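Welcome! Please take a look at the structure below, and then read on for a short tour of its pocket and its helix packing.

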Amino acid sequence: MASFAVVGALNGVVNYAITVGMTFLVLVPLGLATSDTALGFAKFLGWVVAVSNSYVLNSLTTFAAESGRRLSLATYGRFVASGVLGLAVEVASFLLAVRYLPLGLAAIVPIGMSFVVNFGMTRLIVFPSKPAVPEDRA
């Protein structure tokens, strides 16, 4: 779980930078910084980049034994699909937090909230534990 947390922290920074950067550099100048649709899209874009990076890093480190350190489109699809629940938690908590907190802080809240959901879904759906092979007793 520690490796998942390190990868998650790195991708939390990526997610944060894209969400906040897009909001300040694109949405504010366009007058869309209060639009739930525009803010949700900024959060979604940050999530897409972070989840893709997370798949690669977790396949090569955290779940290396389960993945064989191989990347595949099918596993990536399961990883993204399992992350949709985390995305829903992330977007909903961001849209709520941004109403009460400054943007910089509001963008951090959902990353932490979705961590637990994402780890559980990844462990259960994408990289389930391989069954132990019983030892032969001769």
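The lining of the largest pocket is made up of 13 nonpolar, twelve polar and one charged residue. Here Ala, Val, Leu, Ile, Met, Phe, Trp, Tyr, Cys and Pro count as nonpolar, Asp, Glu, Lys and Arg as charged, and the others, Gly among them, as polar. This is a predicted model, where local features need pLDDT of at least 70 and side-chain atom pairs count only at pLDDT 80 or more, while totals for chains, interfaces and linings use all residues. Residues are numbered from 1 along each chain as its sequence is written, and side-chain values use heavy atoms, with hydrogens and water left out.

**The pocket**
- The largest pocket holds about 390 Å³ of space, a volume being the space filled by probe spheres set on grid points joined across faces, edges and corners.
- A pocket is an open set of points on a 1 Å grid over the protein atoms alone, where a 1.4 Å probe fits, with protein on both sides within 12 Å along at least five of seven lines; lining residues have an atom within 4 Å of a point.
- Of the 26 residues that line the largest pocket, Gly 8, Asn 11, Gly 12, Ser 114 and Asn 118 lie nearest its centre.
- Two or more lining residues come from each of α1 (2-30), α2, α4 and α6.
- The biggest share of the lining, ten residues, belongs to α1.

**The overall fold**
- The protein has six helices and zero strands; these are DSSP runs numbered from the N terminus, helices being H or I with at least four residues and strands E with at least two.
- Taken along the principal axes, the C-alpha atoms fill a box of roughly 75 × 25 × 20 Å.

**How the helices pack**
- Two packed helices are described by the angle between their axes and the distance between the axes.
- Axes are lines fitted to C-alpha atoms, for helices over the stretch in contact, and angles run from 0 to 180 degrees between N-to-C directions.
- α1 and α2 pack at about 150°, with axes 8 Å apart, which makes α1 roughly antiparallel to α2 (an angle over 145 degrees).
- The contact of α1 with α2 has 16 nonpolar, eight polar and one charged residue.
- Helix α2 (residues 36-60) packs against helix α4 (residues 73-100) at about 145°, their axes 9 Å apart.
- In the contact of α2 with α4 there are 14 nonpolar, six polar and four charged residues.
- α4 and helix α6 (residues 109-126) cross at roughly 160°, and their axes come within 8 Å, so α4 and α6 are roughly antiparallel to each other.
- By class, twelve nonpolar, eight polar and two charged residues form the contact of α4 with α6.

How values were computed: Angles under 35 degrees count as roughly parallel, over 145 as roughly antiparallel, 65 to 115 as roughly perpendicular and the rest as oblique.
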